[in-house]
Amino acid sequence: MKTIAQLAGELNSGITTSQTLIEDALARIEQHRGAGGSAYISVDAEQARLDAIASDRARAKGHVPSPLAGLPVSIKDLFDVRGHVSRSGAKLLNDAPPAISDAAVVSRLRAVGAILLGRTNMSEFAFSGLGLNPHFGTPRNPFDQHRIAGGSSSGAAVSVAEGMAVVGLGTDTGGSIRIPSAFCGLTGFKPTASRVPQDGAFPLSQSLDSVGPLARSVADCRWVDGILSGETLAHQERTLAGLRLAVTRDYVLEGLDEATALAFDASLARLSDAGADIQWINFPELHQLPQINAGGGLTAAEAWHRHRDWLQGPHSDQYDARVAKRIRRGEALSAFDYLEIVAQRQRLIEAARQRLAGFDGWLMPTVPVVAPTLEPLLADEATFFSTNGLVLRNPSVINFLDGCALSLPCQRPGDLPVGLSVAGLHGTDAHILAVGQAIEACVTHAPNVR
C-alpha cells in the first residue's frame with residue numbers, strides 16, 4: 001500500500017483522481033464486509049463520493065490545501081462526526097442522537113481536504129488493548145484471520161492495513177494506537193496528550209487519553225499529527241550515527257515471546273551496525289507500576305466517574321461484561337487513592353527524566369508478544385484479562401509517564417508483525433518523530449498482508 005506522499009504525488013501528476021481512490025477504498029470495504037469483516041461500523045459512501053468529486057474539481061483549479069487532500073481517512077467510532085451517532089463501539093449508545101458538530105480533530109481533517117469514509121470498530125468505550133467487540137464484531141488480523149488486530153483502535157488499524165483508508169484516526173490511553181499498529185504491521189504515533197484537542201471525543205481517561213494517527217510511515221504520522229494538533233513540528237533530519245538510544249533491561253523486556261525477542265534483538269543489532277549508540281540502562285522504578293495501578297489506576301477511577309450512572313441504571317446489561325468489570329473497579333477507589341496515584345505518577349515522571357537524560361530515544365518492544373489468537377480470549381475470561389494486561393504493559397508505561405511514542409514495524413518479511421517502540425518524554429514529539437524516521441529506514445521492511 002502507498003503512503004500519503006506517494007498518493008499525493010499521483011494526484012498532483014494526474015495519474016489518479018480522488019474519485020478513483022475513494023471508489024477503490026469503498027470496493028475494498030465492500031469486499032471486506034462481504035467476507036465477514038467488521039473493521040467499519042458504518043460507511044458514508046454517498047458523502048465520500050460527493051467529497052471526492054469536489055476535491056478533484058478544487059485540485060483542477062489549483063486548490064490543494066494539504067498532502068491529505070482527496071485521500072480516504074477512517075474515523076474511530078468515539079469521535080463526533082456531524083450527522084452521525086457516536087457509539088464508542090457500545091450497544092448502549094445505539095440510539096443516541098446524531099452529533100450536531102464535528103470533533104475538533106475531525107473538523108481539522110475536513111479543513112485540509114481529507115475524505116471521511118466512515119466510522120471504525122473498536123473495543124467498547126476504548127477499554128481494552130485486544131479489540132474484541134461483542135456488539136459489532138471483532139476485527140481480525142490482516143496477517144492471520146485467527147488472530148486479533150489489537151485494540152482499542154482495532155478497526156482503524158485494519159482499515160489502513162487492508163487499503164480501506166490511507167490513515168486511521170485513533171486514540172491511545174494505554175496503547176490503543178500503538179498496539180493495533182504493532183499487530184497489523186503499521187506505524188502509529190501517540191503524541192504528548194496535551195498537544196491534540198479532545199473536544200468531541202468520548203473520553204476513557206482524561207488524564208491519559210491521546211489522539212493520533214495509524215498510518216504507513218513516520219512521515220505520514222508527522223503530517224497527520226500537524227493537522228490534528230494544529231502545530232506543524234519542525235522537521236529535523238537525523239542520522240543514526242551518534243544517536244544515543246536507551247534500552248531498559250528490566251520490566252518491559254520480561255515475558256517476550258520468541259518472535260518478538262528475535263525481531264527486537266535484530267533491530268538493535270541493525271541500529272548498532274548503522275552507528276547508533278545503544279545503551280542498556282536500569283529503570284527499577286517501573287516495577288512499581290503494577291502496585292500503583294493494582295486497583296485499576298487512573299483509567300478505572302475516571303471511567304467510573306463517567307459511567308457510574310449507566311452502570312447503576314436499567315441498561316447496565318448492555319455493556320460488554322468484560323468492560324463493565326474493569327470500569328467497576330473504579331468504584332472502590334477513594335479520593336485518597338486517586339490523589340495518591342496522581343502523586344506517584346509525578347514521582348515516576350521525575351525518575352524518567354533522570355533515567356533518560358541525555359538520550360535521543362527510549363527503545364522497547366511495543367508489545368511483548370505477537371498478536372494472540374482470538375478463540376482462547378473468547379473462551380476464558382481469565383485468559384482474556386491476563387492477555388490484556390500483558391499486551392497493555394509496555395505501551396501504557398508511556399501514557400503513565402505523559403510521554404510520546406512511535407511504533408514501527410520491525411519484523412522480517414513474511415513473519416507476523418512486531419512493533420518497535422521509539423519513545424520520549426513530554427513535549428519531545430518533534431525529536432521523537434525525527435529519530436523515528438531515521439530508525440525506520442534501518443529496521444522497517446515492507447509488510448506483506450497474507
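Trainee: Is Phe125 buried or exposed?

Mentor: Buried means under 20% relative accessible area and exposed over 50%, with partly exposed in between (1.4 Å probe, protein chains only). Phe125 has a relative accessible area of 2%, so this residue is buried. Phe125 belongs to the loop between β3 (115-120) and β4 (140-141); helices (H or I, at least four residues) and strands (E, at least two) are DSSP runs, numbered from the N terminus. The model is predicted, so local features need pLDDT of at least 70 and side-chain atom pairs count only at pLDDT 80 or more, while totals for chains, interfaces and linings use all residues. Residues are numbered from 1 along each chain as its sequence is written, and side-chain values use heavy atoms, with hydrogens and water left out.

Trainee: What is the phi of Phe125?

Mentor: Most residues other than glycine have a negative phi, and most peptide bonds are trans. Phi of Phe125, however, is near 55 degrees, a positive value. Ser88 likewise has a phi near 55 degrees; Ser88 sits in the loop between β2 (72-76) and α4 (104-111) and counts as buried at 1% relative accessibility. As to peptide bonds, a cis bond joins Gly151 and Ser152, with omega about 5 degrees.

Trainee: Which residues touch the most other members of the largest nonpolar core?

Mentor: A nonpolar core is a set of buried Ala, Val, Leu, Ile, Met, Phe, Trp, Tyr and Cys residues joined through side-chain atoms within 4.5 Å. Here the largest has 77 residues, and Leu68, Phe79, Leu109, Leu271, Leu363 and Ile439 touch the most other members. Helix α15 (residues 429-443) supplies the largest share of this core, 8 residues. Apart from it lies another core, of 26 residues, among them Leu298 and Phe400.

Trainee: Why is α15 described as largely enclosed by the rest of the structure?

Mentor: The reason is that 12 of its 15 residues are buried, including Ile432, Ile439 and Glu440. α15 reaches 20 Å from its first C-alpha to its last, close to the expected 21 Å; the expected span is 1.5 Å times one less than the number of residues.

Trainee: What does Val166 touch, not counting residues up to four places away in sequence?

Mentor: Contact means heavy atoms within 4.5 Å. By that rule Val166 touches Ile4, Leu7, Leu71, Pro72, Val160, Leu214 and Ala215. Val166 is 163 residues from Thr3 in sequence, yet 7.2 Å from Thr3 in space, C-alpha to C-alpha.

Trainee: How many residues line the largest pocket, and what is its volume?

Mentor: Rolling a probe the size of a water molecule over the atoms shows where empty space is left. On a 1 Å grid over the protein atoms alone, a cavity is a set of points where a 1.4 Å probe fits but cannot get out, and a pocket is an open set with protein on both sides within 12 Å along at least five of seven lines; lining residues have an atom within 4 Å of a point. Grid points are joined across faces, edges and corners, and a volume is the space filled by probe spheres set on the points. The largest pocket has a volume of about 710 Å³, and 29 residues line it, with Asn293, Gly296, Arg326, Leu392 and Ser396 the closest to its centre. α14 gives the most to this lining, 9 residues.

Trainee: How many cavities are there of 30 Å³ or more?

Mentor: The count comes to 3. The largest cavity has a volume of about 80 Å³, and its lining includes Leu78, Gln198 and Asp209.
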